[in-house]
Amino acid sequence: MPSPSRRLQTKPVITCLKTFLISYSLIFWFTGVILLAVGVSGKVSLAYLSLASEEGTNAPYVLIGTGAIIVIFGLFGCFATCRGSPWMLKLYAMFLTLVFLAELVAGISGFIFRHEIKATLGRAYREAVKSYNTTDTRSTAVDTIQKTLHCCGVDNYTDWTDTPYFKENGFPTSCCKDIANCSAETLMFPDKAKAIVYNEGCFLKVTTAMEANLGIIAGISFGIAFFQIIGIFLACCLSRYITNNQYEMV
């Protein structure tokens, strides 16, 4: 049993650790809220990745699920800190360790396989253009990309001339610079349509935009991953101090 004087000396240290860990948990909780928001908005706006499959991408659901789990464990971290329970703090540290390892693996994998991801996206985009019909998920993604990035086709606007859709309908209206100036008759002829549709292809613009965003996402991910180390250190230290000194939080 530690002496009363030792417990009095230890109390300020535990109080300090408690303050830091609660602050950390609140920040951790806030990152979960951000992931939830990004996931919800991504469910609506991540058209690029939906090209990879007919059903669309599961990335937004992953973000929503991850965000929800982080929100729950962020609150759990605050509760465990206030309660001063060693086993709860150890459980919180274990969860932070798992998050750290998962983010590290995801970041490294994304960097290593970035070229494969780019090649897969290129194949998926070409297939989406060839099978374009204005109604399915991939066709909607193609329209969204062409309107957003102001582009047409894969490498350039002439890619559309080899598609079944072009033979029947001409260029899709999402290629038009100004929809008001696009007539169905003009869109049937590449020479006439050249002046009213975007000439640049979308693949280069899509990959450039994705690489720029992936760089930002990777940087944030690694930053958050190493941020977990602080939480792990604080939780383990607080648990150890409470256990060794048999300190009870009031």
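**Close-up 1. The disulfide of Cys151 and Cys202.** In this predicted model, Cys151 and Cys202 are joined by a disulfide whose sulfur atoms are 2.0 Å apart. The link of Cys151 and Cys202 is right-handed, with 105 degrees about the S-S bond. Because Cys151 lies in the loop between H5 and H6 while Cys202 lies in the loop between H7 and helix H8 (203-245), the pair ties together parts that are 51 residues apart in sequence. Both Cys151 and Cys202 are buried.

**Close-up 2. The disulfide of Cys152 and Cys175.** A disulfide, with an S to S distance of 2.1 Å, joins Cys152 to Cys175, and since the torsion about its S-S bond is about 80 degrees, this disulfide is right-handed. The pair links distant parts of the chain, 23 residues apart, with Cys152 in the loop between H5 and H6 and Cys175 in the loop between H6 and H7. Cys152 is buried, at a relative accessible area of 0%, and Cys175 is likewise buried, at 0%.

Close-up 3. The sulfur atoms of Cys176 and Cys182 are 2.1 Å apart and form a disulfide, which is left-handed, with -130 degrees about the S-S bond. Both Cys176 and Cys182 are buried. When the bonded cysteines of the chain are numbered in sequence order, the pairing reads 1-6, 2-3, 4-5. Cys82 is in no disulfide, the nearest cysteine sulfur being that of Cys78 at 6.6 Å, and Cys82 counts as partly exposed at 41% relative accessibility. Cys236 is also in no disulfide, with the sulfur of Cys237 as the nearest cysteine sulfur, 7.1 Å away.

**Close-up 4. His150 in the loop between H5 and H6.** Although His150 is not a glycine, it has a positive phi of about 55 degrees. Most residues other than glycine have a negative phi. At 43% relative accessibility, His150 counts as partly exposed.

**Close-up 5. Aromatic rings.** The whole structure holds 10 aromatic pairs, one of which is the stacked pair of Tyr24 and Phe28, at 6.1 Å centre to centre and with 10 degrees between the planes. Tyr24 and Phe28 are separated by about one helical turn, because they stand 4 residues apart in helix H1 (residues 4-45). Both are buried, and one aromatic cluster includes Tyr24 and Phe28 together with Phe73, Phe76, Tyr92, Phe95 and Phe227. Elsewhere, the ring centres of Tyr157 and Phe171 are 5.8 Å apart and their planes lie at 35 degrees, so this pair is tilted. Both Tyr157 and Phe171 are buried.

Technical notes
Residues numbered from 1 in each chain as written. Predicted model: local features only at pLDDT ≥ 70, side-chain atom pairs only at ≥ 80, totals over all residues. Heavy atoms only, no water. Phe/Tyr/Trp six-rings, centres within 6.5 Å; stacked < 30°, edge-to-face > 60°. Helix = DSSP H or I, 4+ residues; strand = E, 2+ residues; numbered from the N terminus. Buried < 20%, exposed > 50% of the residue type's maximum accessible area, 1.4 Å probe, protein only. Disulfide = S-S within 2.5 Å.
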